[in-house]
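Please look at the sequence and the model below, and keep both in view while reading.

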Amino acid sequence: MYYAVIFTSTRTELEAGYTEMANKMVELAKAQPGFMGVESARNEIGITVSYWESLEAIKNWKANMEHLEAQENGRTTWYKNYKVRIAKVEREYEF
């Protein structure tokens with residue numbers, strides 16, 4: 001069992017600094033204890049799913065100072081709206 005943080009968003013038209021910030025957040029998340037991976041796609045909406053070993057690891061990531069700054073920039077500059085969902089993954093399989 002592990003957890004998925006599902007972040008869906010609708011972007012504004014502003015691009016300045018977004019790609020750099022997004023890449024930096026992925027690299028920073030990778031260095032966090034409990035981080036297991038990330039998947040992302042963007043079309044009309046963006047969907048990023050990050051995977052974590054525990055709710056505590058998610059809480060620590062949310063409280064990371066650089067992540068807090070990126071969240072604020074997202075609210076004020078890059079996103080029209082977003083939603084975060086946290087789900088427990090009880091099983092997985094793949095082809």
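Glu90 is exposed, because its relative accessible area of 67% is over the 50% that marks an exposed residue. In this predicted model, Glu90 lies in the segment that comes after strand E4. Although Glu90 and Met1 are 89 residues apart in sequence, their C-alpha atoms are 4.9 Å apart in space.

Gly34 has its place in the loop between H1 and E2. Leaving out residues up to four places away in sequence, Gly34 touches Tyr51, Trp52, Glu53 and Ala57. From Gly34 to Ile47, on the other hand, the C-alpha distance is 21 Å, with 13 residues of separation in sequence.

Met21 is buried as well, with a relative accessible area of 14%, and Met21 belongs to helix H1. When its neighbours within four places in sequence are set aside, Met21 is in contact with Ala70 and Trp78.

The table collects the C-alpha distances for these three residues.

| Pair | Apart in sequence | C-alpha to C-alpha distance |
|---|---|---|
| Glu90 and Met1 | 89 residues | 4.9 Å |
| Gly34 and Ile47 | 13 residues | 21 Å |
| Met21 and His67 | 46 residues | 9.5 Å |

The helix that holds Met21 can now be read as a whole. Helix H1 runs over residues 18-30, which makes 13 residues, and from its first C-alpha to its last it reaches 18 Å, close to the 18 Å expected at 1.5 Å a residue. Which residues of H1 are buried? They are Tyr18, Met21, Met25, Leu28 and Ala29. Seen down the axis of H1, these buried residues fall within an arc of 95°, so they line one face of the helix. An α-helix has 3.6 residues a turn, and therefore residues three or four places apart point the same way. The cover over the buried residues of H1 includes the strands E1 (2-11), E2 (35-42), E3 (46-52) and E4 (79-89), together with the helices H2 (55-62) and H3 (65-78).

Helix H2 can be read in the same manner. In H2, the residues Ala57, Ile58 and Trp61 are buried. They cover an arc of only 100° around the axis, which puts them on the same side of H2. Lys59 and Lys62, on the other side of H2, are exposed. What covers the buried residues of H2 includes E1, H1, E3, H3 and E4. Ala57, one of the buried residues of H2, is also among the residues that Gly34 touches.

The last topic is the largest pocket, which holds about 930 Å³ of space. There are 36 residues lining this pocket, and those closest to its centre are Phe7, Met25, Thr48, His67 and Tyr79. The elements that each give two or more residues to the lining are E1, H1, E2, E3, H2, H3 and E4. Which element gives the largest share of the lining? That share, eight residues, comes from H1. Sorted by class, the lining has 20 nonpolar, ten polar and six charged residues.

Methods: Residues are numbered from 1 along each chain as its sequence is written. This is a predicted model: local features need pLDDT of at least 70, side-chain atom pairs count only at pLDDT 80 or more; totals for chains, interfaces and linings use all residues. Side-chain values use heavy atoms; hydrogens and water are left out. Helices (H or I, at least four residues) and strands (E, at least two) are DSSP runs, numbered from the N terminus. The expected span of a helix is 1.5 Å times one less than its number of residues. Buried means under 20% relative accessible area, exposed over 50%, partly exposed in between (1.4 Å probe, protein chains only). The arc is that of the directions from the helix axis to the C-beta atoms. Contact means heavy atoms within 4.5 Å. On a 1 Å grid over the protein atoms alone, a cavity is a set of points where a 1.4 Å probe fits but cannot get out, and a pocket is an open set with protein on both sides within 12 Å along at least five of seven lines; lining residues have an atom within 4 Å of a point. Grid points are joined across faces, edges and corners, and a volume is the space filled by probe spheres set on the points. Ala, Val, Leu, Ile, Met, Phe, Trp, Tyr, Cys and Pro count as nonpolar, Asp, Glu, Lys and Arg as charged, and the others, Gly among them, as polar.
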